[in-house]
Amino acid sequence: MRNLKQLQYNASMETALTTVKIWLDARPDNKELIELTKCLTDIYFYVNSLELERKGFDSAIDALRAERNQFAMQAQAIQEEEVAASVAEKFSRETSDDINERLNNLL
């Protein structure tokens with residue numbers, strides 16, 4: 001949606017600036033057209049700076065999300081390792097106890 005709005009803005013600004021340039025070429029001494037050209041140019045650069053700032057924020061958010069996802073995957077891997085170790089320890093204990101019982105029964 002943001003890209004569509006950006007395209008609409010760029011098309012509208014290009015139309016406005018082209019129209020004002022044609023008028024200014026026809027009447028280069030018109031002070032109102034000179035001022036309008038300056039205002040439209042200021043608006044264009046201001047919006048451009050806002051778009052760049054937004055891209056910077058988006059990049060920072062993307063980096064933070066990637067870092068969060070990496071930490072979540074590491075935490076999940078550690079949790080899975082702990083569960084596996086716990087199961088292995090229980091199995092080892094049960095197996096050892098079972099072998100000890102059998103040996104004691106045989107003796």
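Student: Why does Y44 count as partly exposed?
Tutor: Set its value against the cut-offs: buried means under 20% relative accessible area, exposed means over 50%, and partly exposed is in between, using a 1.4 Å probe and protein chains only. Y44 has 32% relative accessibility, so it counts as partly exposed. A bit of background: this is a predicted model, where local features need pLDDT of at least 70, side-chain atom pairs count only at pLDDT 80 or more, and totals for chains, interfaces and linings use all residues. Residues are numbered from 1 along each chain as its sequence is written, and side-chain values use heavy atoms, with hydrogens and water left out.

Student: What makes F45 exposed?
Tutor: F45 has a relative accessible area of 53%, so it counts as exposed.

Student: How many aromatic pairs turn up in the whole structure?
Tutor: The search finds 2. Rings of Phe, Tyr and Trp (its six-membered ring) pair if their centres lie within 6.5 Å; planes under 30 degrees apart are stacked, over 60 edge-to-face, and the rest tilted.

Student: Why is the pair of Y9 and Y44 called stacked?
Tutor: Their ring centres are 6.4 Å apart and their planes sit at 15°, so the pair is stacked. This pair links distant parts of the chain, 35 residues apart: Y9 is in helix α1 (residues 2-26) and Y44 in helix α2 (residues 31-106). By the way, helices (H or I, at least four residues) and strands (E, at least two) are DSSP runs, numbered from the N terminus.

Student: And what makes the pair of Y44 and F45 edge-to-face?
Tutor: Look at the angle: there are 75° between the planes, with 5.9 Å centre to centre, and that is edge-to-face. Put together, Y9, Y44 and F45 form one aromatic cluster.

Student: How do you know that K21 forms a salt bridge with D25?
Tutor: A salt bridge is a side-chain nitrogen of Lys or Arg within 4 Å of a carboxyl oxygen of Asp or Glu. For K21 and D25, the closest N and O atoms are 3.1 Å apart, and they form a salt bridge. Both residues lie in helix α1, 4 residues apart, about one turn of the helix, and both are exposed.

Student: How many salt bridges does the whole structure have?
Tutor: The search finds 4. One of them joins D42 and K38, at 2.9 Å from N to O. They are 4 residues apart in helix α2, so about one helical turn separates them. D42 has a relative accessible area of 40% and is partly exposed; K38, at 47%, is partly exposed too.

Student: What makes R54 and D58 a salt bridge?
Tutor: Their closest N and O atoms are 3.2 Å apart. R54 counts as partly exposed at 41% relative accessibility, and D58 does at 21%. There's a network here as well: salt bridges link R2, R54 and D58.

Student: How do you know what span to expect for α1?
Tutor: The expected span of a helix is 1.5 Å times one less than its number of residues. With 25 residues, α1 reaches 36 Å from its first C-alpha to its last, close to the 36 Å expected.

Student: Which residues in α1 are buried?
Tutor: M13, V20 and L24 are buried there.
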